Amino acid sequence: MKCTDARKFLYAFADGQLSVRANCELLDHLKMCSSCSRVVDEHQALRSAIGRSVASAPVPSGLRASVTAALSSEQDSAASVIAASGRRVFSWKSSFLRPRAIATAAVLALAITGTWLIRPSGPAAVDGGAARAVDGRVTAAQMSELHLSHAALGRGHQGAELPATLGEAAGAITRRLGGKAEVSPPNLSSFGFDFESANLCRIHDGERGVGGHIVYASRSGGEKISFFVAPKFAGLDQPSDPGSPIERPFMEYELASAGSRNIALLAWHQEDMTVVCCGDVNVDDLKLWVGAIRTAMADFDGQLRRAREEMIGSGGVCNHGAM
Amino acid sequence: MGTRGGGTFSELILCHLDLVYRVALKLTGDEHEAQDLTQEVYLRAHRSADKFELREYGAKPWLLKILHNAYFSRRGQMRRGPAMASDLSLDDFEAELEAERHPPVVDGGMNWEGFDEELKQAIESLSPEYRSVILLWALGDLSYKEIGRVLGCAIGTVMSRLHRARQQLNQALGGYAEERGVKASPKSEGRSETTS
C-alpha cells in the first residue's frame with residue numbers, strides 16, 4: 001500500500017472506523033512508514049488532548065442535586081395535574097374568535113396568586129409577595145408576577161404533559177380544561193413573537209384554579225408575552241388593583257416592573273372563562289393585537305346574550321352569564 | 001425520586017450527568033448556561049422516557065442528541081438533515097501530509113501537554129457545528145455512526161465536519177506551537193513514500 005492510498009484511510013483508522021481487513025492492511029503500511037504513523041499518532045494525540053480537556057472541566061457541586069430535584073418536581077407535578085372537569089373551554093373557534101380573523105396575539109395571562117407551574121423546572125412557585133388567593137380572586141399584579149416568573153423560565157416552563165408546539169398545546173389545554181371547545185391561541189410570528197412554551201398553571205387555590213398558559217418570545221429583544229385561559233375568576237375587575245380598568249371591552253392595566261418596560265395586561269371574560277394577555281410590551285401594541293379580537297368577542301357576547309334572552313323568553317333553559 | 005421503569009431509567013441517565021454538563025460547557029463556554037442546558041436536557045429526557053429504547057440506542061448518545069438539539073434549538077439553528085453526504089468519499093478526507101499539518105516538533109511528534117488553554121481557546125473558536133462534532137469525536141467512544149445519530153446527519157457529513165474542524169484546529173494550534181517555539185523548520189524531515 002502506498003502513502004497516497006493509505007492517506008485516505010488514516011483518519012478513519014485512527015478513529016477505529018475501518019473494517020478488520022482494512023485495519024490490517026493499513027497496519028502493515030504503518031509499520032514501514034513513519035510519516036503516516038506520525039499522522040495517526042498526532043490525530044490520536046489531539047483526540048486524547050481534547051478528551052482530557054472535556055473530562056477535566058469541573059462539575060458544579062450542586063448540579064446533580066438540582067437536576068434530581070427538578071426531575072422529582074416534574075414527577076410530582078405530573079401526578080397532580082388537574083383532571084379535565086368536562087367544563088367547556090374557552091374557544092377561539094366560535095365565530096370571530098379564530099386567531100386567523102384577528103391579527104393579534106392575545107396573551108392570556110392566568111392570574112395566579114402565588115403562581116404554580118405544573119411542571120416547574122425553575123422556581124416551583126412565584127414569590128412576588130402576592131399571597132395565593134383561595135377565593136378565586138386574582139389581581140393584575142399577581143397576574144403580572146405569574147407572567148414574569150414563568151416567562152423567565154424560558155423553555156423550562158414547558159409542561160411535561162403538553163406538546164411543545166402551539167397548535168398541539170392548544171388542543172391539549174382544551175382537553176385538560178374541558179375539551180368541549182377548542183382553545184386556539186394565535187400565531188404571533190408575524191409580529192415577531194414565536195411560541196416558546198405551554199403549561200398548565202395554578203392561578204389560585206380556589207376551585208377550578210388551573211388554566212392554560214402559553215408563552216411567546218420575541219425574536220429580537222427578549223420580550224415575552226403570556227396567553228392565559230382559565231375558568232372564570234374574579235379580581236381583575238377590582239378597582240383596587242394597580243392601574244385602573246377602563247370601560248372597554250377588556251380590562252386594561254399597565255404595571256410597573258423591575259425591567260425596563262412596564263407590563264401591559266388586558267383581560268376579559270368570555271362565557272365561563274377568563275382570558276388574559278400580558279407582556280413586557282407596549283400597551284398600545286397589545287391593545288392593537290388584542291383589540292380586534294376582543295371587539296369581535298364582545299360582538300359575539302352581545303349576540304349570545306340576545307340569543308339567550310330570546311331562549312329564556314320563549315321558555316328555553318339557557319342561563320349562562322356573559323360579561 | 002419516582003422514575004419510569006422502576007427507578008432504572010433515572011439511574012441510567014443520571015450516571016452521564018457529568019459528561020452531559022462538560023460537553024454542554026464546551027459547547028456554550030458559559031457555566032451558567034451549561035447548567036441550565038444540562039437541566040433542560042434531563043427534563044427533556046425524562047419527558048421522552050417512553051420513547052427511549054436502550055437496546056436500540058445507548059443512553060449516552062441519546063442524551064448527547066438531546067443536548068445537541070437543545071443547544072442548537074436555543075440558538076435557533078435546528079439542523080435539518082445532512083449536507084453533501086452522498087457526494088463524499090474517503091478521498092475527501094485524505095490526510096494531508098504537507099501543508100495542512102501543523103509544524104511537527106523536532107523529536108517527531110506534537111506534544112499537547114501544556115497546551116490546555118490554547119486547546120480550549122482553539123475549540124471555542126470553532127463554529128458551533130464544528131465544535132459539537134469535535135467534542136463528540138473527542139469523547140473517544142462514539143462511532144461515526146453514533147455521532148451521526150447525535151447530530152442528526154449522515155456519516156459522510158460527520159466525516160466532512162470532522163475533517164474541516166480538524167483543519168481549523170490544526171491551523172489555530174499550529175500558531176500556538178509557533179509562539180511557543182515548539183516547531184521544526186518546514187523541511188527538517190524528509191518524507192518517504194513507502195510501499196508495504
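**Exercise 1.** In which helix of chain B is B:L37 found? Then work out whether B:L37 is buried or exposed, and list its contacts beyond its neighbours in sequence.

*Solution.* Keep in mind that this is a predicted model.
- Step 1: Locate the residue. B:L37 is found in helix α3 (residues 31-47) of chain B.
- Step 2: Look at its accessibility. The relative accessibility of B:L37 is 0%, so B:L37 counts as buried.
- Step 3: Look beyond the four places on either side in sequence. There, B:L37 is in contact with B:A24, B:T28, B:L67, B:A70, B:Y71 and B:R74.
- Step 4: Take one of these partners, B:Y71. B:Y71 and B:L37 are 34 residues apart along the chain, with 7.1 Å between their C-alpha atoms.

**Exercise 2.** Describe how α4(B) and α7(B) pack, starting from the angle.

*Solution.*
- Step 1: Helix α4 (residues 59-74) and helix α7 (residues 144-151), both of chain B, pack at about 40°, and their axes lie 7 Å apart. That angle makes α4(B) oblique to α7(B).
- Step 2: The crossing of α4(B) past α7(B) is right-handed.
- Step 3: From α4(B), B:P61, B:L64, B:K65 and B:H68 meet B:E146, B:R149, B:V150 and B:L151 of α7(B). The residues of this contact comprise 4 nonpolar, 1 polar and 3 charged.

**Exercise 3.** Find how many disulfides there are over all chains, and explain the result for A:C3.

*Solution.*
- Step 1: A search of the whole structure gives 0 disulfides.
- Step 2: For A:C3, the closest cysteine sulfur is in A:C33, at 3.4 Å, which is too far for a bond.
- Step 3: A:C3 counts as buried because its relative accessibility is 2%.

Conventions: Residues numbered from 1 in each chain as written. Chains lettered and ligands numbered in written order. Predicted model: local features only at pLDDT ≥ 70, side-chain atom pairs only at ≥ 80, totals over all residues. Heavy atoms only, no water. Axes fitted to C-alpha atoms, helices over the stretch in contact; angles between N-to-C directions. Helix = DSSP H or I, 4+ residues; strand = E, 2+ residues; numbered from the N terminus. Parallel < 35°, antiparallel > 145°, perpendicular 65-115°, else oblique. Left-handed = near helix turned anticlockwise from the far one by under 90°. Contact = heavy atoms within 4.5 Å. Nonpolar A, V, L, I, M, F, W, Y, C, P; charged D, E, K, R; others polar. Disulfide = S-S within 2.5 Å. Buried < 20%, exposed > 50% of the residue type's maximum accessible area, 1.4 Å probe, protein only.
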